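Open the model in your viewer and keep the sequence panel beside it.

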Amino acid sequence: MYFSKKTMEPLQEEPTLVWMCSDEGCLCWMRNNFSFEETPTCPICHSAMVKNTRMLPVLSNNTSM
Ligand SMILES: [Zn+2]
C-alpha cells in the first residue's frame, strides 16, 4: 500500500462482471473478457463457470484510448 502526496482520486471500486468457477473448492475467477454468450470452463478444474459480480478497482488509466 502506498499513498501519493499528489492530488489523486482514491481508488474506486465498482461491481464488475466476472466469471467464477462453480466448484466450491476452486477459487478461480476471471474478468469478463469473454463473451457472455459462451460459457468458459475453468482453466484449473474444468468446471463450468458462472456469472458473478465482484468489487474491482476501476480501470481508469488513459493509456489504452
Ligand atoms: Zn475451477
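Strands here are DSSP runs of E with at least two residues, numbered from the N terminus. Keep in mind that this is a predicted model.

**Stop 1: the whole chain**

Colour by secondary structure. The protein chain shows three strands and zero helices. Follow the chain along the sequence and the pattern reads β-β-β.

The accessible surface of the protein chain comes to about 5900 Å². Carbon and sulfur atoms account for 54% of that surface. Of the 65 residues in the protein chain, 20% are buried.

Next, the contacts. Take those between residues at least 6 apart in sequence: 52% of them join residues at least 24 apart.

**Stop 2: the zinc ion**

Which atoms coordinate the zinc ion? They are the SG atoms of Cys21, Cys26, Cys42 and Cys45, at 2.3 Å. Along the chain, these donors follow the spacing C-x4-C-x15-C-x2-C. Pick out cysteine 26 and cysteine 42, a pair that links distant parts of the chain, 16 residues apart. Cysteine 26 sits in the loop between strand 1 (13-21) and strand 2, whereas cysteine 42 sits in the loop between strand 2 and strand 3.

Why is the arrangement around the zinc ion tetrahedral? The four donor atoms subtend angles of 96 to 119°, and four donors count as tetrahedral if all angles lie between 85 and 135 degrees.

The structure holds zero.

**Stop 3: cover on the cysteines**

Colour by relative accessibility. Both cysteine 26 and cysteine 42 are buried. Cysteine 26 has 13% relative accessibility, so it falls under the 20% limit for buried. Cysteine 45 is at 29% and therefore counts as partly exposed, between the 20% and 50% limits.

**Stop 4: serine 47**

Select serine 47. Where does it lie? Its place is in the loop between strand 2 (29-31) and strand 3 (49-57).

Is serine 47 buried or exposed? It is buried, because its relative accessible area is 18%, and the cut-off is under 20%.

Finally, show the contacts of serine 47, leaving out residues up to four places away in sequence. Serine 47 touches Cys21, Ser22 and Asp23, and also Pro40, Thr41 and Cys42. Two of these names return from the zinc stop: Cys21 and Cys42 are among the residues that coordinate the ion.

Notes
Residues are numbered from 1 along each chain as its sequence is written. This is a predicted model: local features need pLDDT of at least 70, side-chain atom pairs count only at pLDDT 80 or more; totals for chains, interfaces and linings use all residues. Side-chain values use heavy atoms; hydrogens and water are left out. Helices (H or I, at least four residues) and strands (E, at least two) are DSSP runs, numbered from the N terminus. Buried means under 20% relative accessible area, exposed over 50%, partly exposed in between (1.4 Å probe, protein chains only). Contact means heavy atoms within 4.5 Å. A disulfide is a pair of cysteine sulfur atoms within 2.5 Å. Donors are N, O and S atoms within 2.8 Å of the metal (3.2 Å for Na, K and Ca); water is not among the atoms, so sites may look incomplete. Four donors count as tetrahedral if all angles lie between 85 and 135 degrees; four count as square planar and six as octahedral if opposite donors are over 155 degrees apart and all others between 65 and 115; anything else is irregular. Accessible areas come from the Shrake-Rupley method with a 1.4 Å probe; for residues, only the protein chains shown count as cover.
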